[in-house]
Amino acid sequence: MDKQNFIESIAGYVRKYASIYGIMVHSPIIAQAILESRWGESKLAAIYHNYFGLKCGAKWTGKSVNMRTMEEYQEGTLTPIFDSFRVYDSMEEGVKGYFEFIQIPRYHNLQGITDHKAYLETIKADKYATSSRYVEDVMAVIEQYNLTQYDKKGESQMVKLASTVLDQARAWIGCNEAAGTHKQIIDLYNSHKPLARGYVVRYTDAWCATFVSAVAIKCGMTDIIPIECGCGQMIQLFRELGEWDERDDRTPEAGDVIFYDWNDSGIGDNTGWPDHVGFVECVNGGNIVVIEGNNSDSVKRRTLPVNGKYIRGYGVPKYDRVQASGQGNKTVEEVAGEVIAGAWGNGDDRRTRLSAAGYDYSQVQTAVNALLDGKETAEKSMDKVAREVIAGKWGNNPGRKKALEAAGYDYSAIQKRVNTILK
């Protein structure tokens with residue numbers, strides 16, 4: 001395969017899968033494949049269809065191969081090691097495998113980035129590669145082969161989701177001062193330039209606003225969640241973005257940024273100086289669940305009532321609320337059938353892909369559980385289920401067959417009834 005054909009082949013699969021996983025730039029990924037696989041001619045790529053040097057890791061359950069590689073643990077010094085690498089059955093599976101690989105929480109900040117250099121700088125900071133020249137080397141490939149022309153196809157798909165922010169906030173739950181694990185949050189904040197007001201946060205400083213800012217940095221959403229280490233200054237930045245809601249009695253939404261004033265009297269609208277801040281995770285039964293940094297020196301949850309005492313107000317980031325992949329017009333039951341058939345992956349991967357496609361993960365999963373438990377079997381006649389099939393509720397084959405059988409129905413009998421109705 002010549003170089004142009006290799007580029008077009010990789011680009012086609014990148015275009016097919018990138019938006020599903022919330023990735024908006026294509027050129028860095030194409031260039032990574034070129035560089036990592038030596039134009040598809042490395043042994044790992046040519047035989048095992050691993051074009052990105054993806055190692056197995058603890059959660060990989062697929063095929064693997066042990067091979068020699070070079071790592072730059074110290075700048076300028078290459079160290080030979082043997083490691084286990086993922087094995088795929090085709091180029092398409094290898095490219096799809098890249099997107100599945102970057103679904104772990106530390107790579108969630110790649111979602112929504114539209115600048116190719118920013119994507120590379122972010123993935124390098126996330127410890128994807130050990131080479132000290134990784135960004136420069138991949139950028140050189142992008143420029144030499146004009147790969148940014150492939151980015152235009154992904155621009156309209158950019159998504160910035162509250163679910164991405166909350167996934168990262170949850171990933172840091174448990175980080176605390178006693179173990180020193182909060183330092184990674186402060187280090188990430190300090191690595192983002194320019195620093196707010198030029199101040200370098202110390203490990204001994206209060207770090208609730210720093211936590212919120214670090215989540216925004218990690219998720220690539222600093223344009224909608226302002227970066228600050230002080231609560232009062234952060235509120236002002238939310239005002240400037242047109243994202244501030246002064247009302248104490250607001251019923252917030254997941255992903256909103258809630259501020260507190262510990263001197264609140266509880267009477268009237270609180271306009272005092274803010275002392276604390278966190279992310280709204282959800283609202284259940286009139287109670288707000290919040291994920292906060294520096295809550296008793298840790299990242300942990302707090303629960304308080306809607307319109308409760310101490311609420312100062314809300315930053316309301318302008319998350320995307322559109323259907324990202326154009327697939328959000330299916331019924332919950334239809335998507336549940338696809339999930340059962342394996343079309344949406346598992347675990348965090350499934351959650352990310354469903355959210356990126358505009359679906360409510362909890363609703364879909366509830367429908368999946370109902371189908372698998374056979375809860376609908378005793379409630380619906382064959383005629384009713386057949387008419388649901390005709391209406392599109394049970395999806396298309398092979399997903400339809402698996403969903404119907406998982407729910408306890410005789411697929412052949414249902415299909416026969418469908419055919420009779422349609423005659």
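What covers the buried residues of α1?

I began with that question and found that the cover includes α2 and α4 (91-101), where a contact means heavy atoms within 4.5 Å and buried means under 20% relative accessible area, with a 1.4 Å probe and protein chains only. I kept in mind that this is a predicted model, in which local features need pLDDT of at least 70, side-chain atom pairs count only at pLDDT 80 or more, and totals for chains, interfaces and linings use all residues. I also noted that residues are numbered from 1 along each chain as its sequence is written, and that side-chain values use heavy atoms, with hydrogens and water left out.

Helix α1. I listed its buried residues as Phe-6, Ile-7, Ile-10, Ala-11, Val-14 and Tyr-17. Seen down the axis of α1, they fall within an arc of 135 degrees, so they line one face of the helix; the arc is taken from the directions from the helix axis to the C-beta atoms. Helices here are DSSP runs (H or I, at least four residues), numbered from the N terminus.

Helices α2 and α6. I looked up how α2 packs with helix α6 (residues 134-144), and the angle is about 105 degrees, with the axes 9 Å apart. The two are therefore roughly perpendicular to each other, a term that covers angles of 65 to 115 degrees. Among the residues making this contact are Ala-31 and Leu-35 of α2 and Val-138 and Val-141 of α6.

Ser-42. I located this residue in the loop between α2 (27-37) and α3 (43-46), and Ser-42 counts as buried because its relative accessibility is 6%.

Notes: Buried < 20%, exposed > 50% of the residue type's maximum accessible area, 1.4 Å probe, protein only. Axes fitted to C-alpha atoms, helices over the stretch in contact; angles between N-to-C directions. Parallel < 35°, antiparallel > 145°, perpendicular 65-115°, else oblique.
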